Amino acid sequence: MRIELTKGNILKKIIILALPIMGTSLIQSAYSMTDMIWVGTLGSRSVTAVGTAGFFTWFAFAFITIPQIGAAVGVAQSVGRKDIKETRSYIRHSIQMNIVFAVLYGITLIIFREQLVGFFNIKGADIVNMATNYLAIVSMGMIFFFLPPVLTAIFNGHGDSRTPFKINILGLIVNIILDPLLILGIGPFPKMGVPGAAVATIFAQTVVTIIFIYVIKKKTDYFDQISFLQKPDWNHMNKIVKFGLPVAVQSGVFTFIAMIIARILSRWGSTPIAVQSVGSQIESITWMTAGGFQTALSAFVGQNFGAKKWDRIYKGYFTALGIIAVFGTITSCLLIFLPGPIFSIFISEKEVIKDGIMYLRILGVSQIFMCIEMTTTGAFNGLGRTVPPSIVGIVLNAMRIPGALLFSVFLGLSGVWWSISISSILKGLILTTWFIIFLRRHPQIRGKNLLRNLTNVEEDEIIN
């Protein structure tokens with residue numbers, strides 16, 4: 001069901017749109033979390049292997065993000081302008097680009113998987129072997145890993161976040177069922193261990209892709225009059241790249257920096273990498289939820305930008321910011337005050353839990369700031385201004401490396417975690433300040449008539 005975002009009660013529309021997106025984001029996070037819980041039963045060395053290989057599926061989002069953001073912003077703005085031809089053009093080009101990236105990235109991972117895993121300088125042939133096998137399996141199904149996020153973005157850009165939520169939850173159910181069967185070898189299934197987690201995830205993503213295609217063909221007109229074999233229009237390709245490239249570069253740099261941090265962690269052995277792998281899965285609940293508001297706000301701002309309704313953009317941003325700030329405060333408190341019970345869900349080894357408690361408490365301090373940073377990023381993306389969040393993200397994420405090296409001299413392992421937490425705090429403060437200054441300086445926001453309307457929403461919008 002498509003939601004019209006250019007009119008009606010702002011709070012209601014943002015929540016209706018955001019909740020399914022948040023659910024979809026959490027479902028995507030739950031794939032990895034489910035894998036980690038079952039792999040955790042095999043021990044911390046298996047967790048380290050999955051976490052190591054997982055960096056490269058994480059890095060894939062640097063490429064997925066270009067067509068994903070291009071589709072979300074391009075579709076939302078053209079829907080706001082009620083330009084059906086332009087909407088279909090963005091859909092075609094984003095999917096064409098996505099498939100090409102998926103094939104090239106998958107082939108690269110298969111060919112260079114041993115060298116890529118070797119980058120982390122992990123001691124332990126068993127860990128390296130498990131990570132290499134996991135990466136090989138995931139690489140062969142990479143196209144099914146790439147397609148669902150872009151198809152989800154197309155629906156979100158139309159204002160329909162419920163359909164991708166329903167489809168993705170079916171994929172999660174498949175993954176939840178297959179994980180214990182393939183990892184532990186229950187019933188007639190062989191015990192595959194770490195590779196079993198990879199097989200379960202790729203099979204589930206394949207199911208999701210097939211259902212998406214079926215629903216699009218049978219239930220929507222999104223692909224009507226679209227030929228995916230048609231030669232690309234480079235004008236639209238350039239627009240998609242313009243929308244998505246800054247975010248993609250930020251994502252790629254962020255992952256690469258995380259890989260450098262993991263290499264630094266290898267000084268303390270394989271345990272800190274396992275802690276980071278599990279801790280990032282726990283923390284993903286926060287940034288996946290914030291990511292839901294980010295995507296919802298991007299669609300909301302994009303449609304209202306296309307319709308030239310700056311008053312709704314202003315109100316929508318601060319409404320979303322208020323909601324996510326409350327959520328961020330709650331998650332900060334959970335990680336700070338209940339780290340032990342949360343971390344022990346994944347791993348039972350006492351030494352790993354001890355380090356995990358330290359990780360969660362330090363990262364808990366920054367959760368609220370990460371939430372407001374991601375929400376503000378959604379507002380910038382909806383306007384098509386993807387450069388400011390990328391600048392802030394790249395610069396401050398890069399500072400994590402010298403920060404980790406410096407702080408670890410005085411604080412040991414906890415210094416690495418503090419470098420991550422402090423950078424998240426600064427990103428939230430700086431980016432939010434930047435967007436508020438942008439709004440204040442925008443001529444249509446400064447207009448006296450509009451400022452009066454900001455405190456008196458039109459009566460029909462409140463009623464609707």
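Gln-367 touches Glu-283, Thr-286, Gly-328, Thr-331, Ser-332 and Leu-335 when residues up to four places away in sequence are not counted, a contact being defined by heavy atoms within 4.5 Å. The model is predicted, so that local features need pLDDT of at least 70 and side-chain atom pairs count only at pLDDT 80 or more, whereas totals for chains, interfaces and linings use all residues. Residues are numbered from 1 along each chain as its sequence is written, and side-chain values use heavy atoms, with hydrogens and water left out.

The place of Gln-367 is in helix α14, helices being DSSP runs of H or I with at least four residues, numbered from the N terminus. With a relative accessibility of 0%, Gln-367 counts as buried, a class that requires under 20% relative accessible area, as against over 50% for exposed and the range in between for partly exposed (1.4 Å probe, protein chains only). A polar atom of the Gln-367 side chain lies 2.7 Å from the backbone oxygen of Leu-363.

Leu-363 is itself among the buried residues of helix α13, which also include Val-352, Ile-353, Asp-355 and Tyr-359. The cover over the buried residues of α13 includes α2 (44-59), α10 (271-306), α11 (310-337), α12 (339-343), α14 and α17. The 15 residues of α13 should span 21 Å at 1.5 Å a residue, and the end C-alpha atoms are 21 Å apart, which agrees; the expected span is 1.5 Å times one less than the number of residues.

Val-365 is found in the loop between α13 (350-364) and α14 (367-382) and counts as partly exposed, because its relative accessibility is 33%. Together with Leu-406, Val-409, Phe-410, Leu-411, Trp-418, Ile-422, Leu-426, Leu-429 and Ile-430, Val-365 makes a nonpolar surface patch of about 900 Å². Such patches are made of residues with over 30% relative accessible area and no salt bridge, nonpolar side chains (Val, Leu, Ile, Met, Phe, Trp, Tyr) being joined within 5 Å and like charges within 9 Å. Accessible areas come from the Shrake-Rupley method with a 1.4 Å probe, and for residues only the protein chains shown count as cover; a salt bridge is a side-chain nitrogen of Lys or Arg within 4 Å of a carboxyl oxygen of Asp or Glu. Helices α16 (400-411) and α17 (413-441) each supply at least two residues of the nonpolar patch, and α17 gives the most, with five residues.

Key. A polar contact is a pair of N or O atoms within 3.5 Å; within protein, one must be able to donate a hydrogen and the other to accept it, and residues adjacent in sequence count only if both atoms are side-chain atoms.
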